[in-house]
Amino acid sequence: MGKAMTKSQIADHLAKKADVTKKIATQILDDFAALAYKEAKNAFVVPGVGKLVLAHRKARMGRNPQTGAAIKIPAKRVVKFRVAKAAKDAILGVKK
């Protein structure tokens, strides 16, 4: 398994594809991320890739793995990413 692309590598690739400077491509990436963070509470969709959604996790009982004692885990809000079907098909191949 190869290494994940760094932000600099992504910006370089986008700069070459869009025929802009690497600085502009980096700014676009930063602005895109800021917009995703701001809009995540309303569900932020990246077409063809997936969706950021805010979910509520219920309170539940868990176990302390060291002692085995039961502990109460409180309810909280979490951010989830749901992968789009198009991305799954492109990465994993279409099921037959």
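Is D89 buried, partly exposed or exposed, judged by relative accessibility? In this predicted model, D89 has a relative accessibility of 24% and therefore counts as partly exposed, since the partly exposed class lies between under 20% for buried and over 50% for exposed.

D89 has a charged partner, K85, and the side chains of these two residues meet in a salt bridge. Both residues belong to helix α3, which covers residues 85-92, and they are 4 residues apart, about one turn of the helix. K85 is exposed, with a relative accessible area of 61%.

Side chains of opposite charge can pair when their charged atoms come close.

| Salt bridge | N to O distance |
|---|---|
| D30 and K7 | 2.4 Å |
| K16 and D12 | 3.4 Å |
| K85 and D89 | 2.8 Å |

K16 and D12 lie 4 residues apart in helix α1, so about one helical turn separates them. K16 is exposed, at 64% relative accessible area, while D12 is partly exposed, at 30%.

D30 is partly exposed at 33% relative accessibility, and K7 is partly exposed at 45%.

The axes of helix α1 (residues 7-18) and helix α2 (residues 22-39) come within 8 Å and cross at roughly 115°, and this crossing is right-handed. Among the residues that make the contact are K7 and D12 of α1 and D30 of α2, and the contact residues divide into 6 nonpolar, 2 polar and 4 charged.

Key: Residues numbered from 1 in each chain as written. Predicted model: local features only at pLDDT ≥ 70, side-chain atom pairs only at ≥ 80, totals over all residues. Heavy atoms only, no water. Axes fitted to C-alpha atoms, helices over the stretch in contact; angles between N-to-C directions. Helix = DSSP H or I, 4+ residues; strand = E, 2+ residues; numbered from the N terminus. Left-handed = near helix turned anticlockwise from the far one by under 90°. Contact = heavy atoms within 4.5 Å. Nonpolar A, V, L, I, M, F, W, Y, C, P; charged D, E, K, R; others polar. Salt bridge = Lys/Arg side-chain N within 4 Å of Asp/Glu carboxyl O. Buried < 20%, exposed > 50% of the residue type's maximum accessible area, 1.4 Å probe, protein only.
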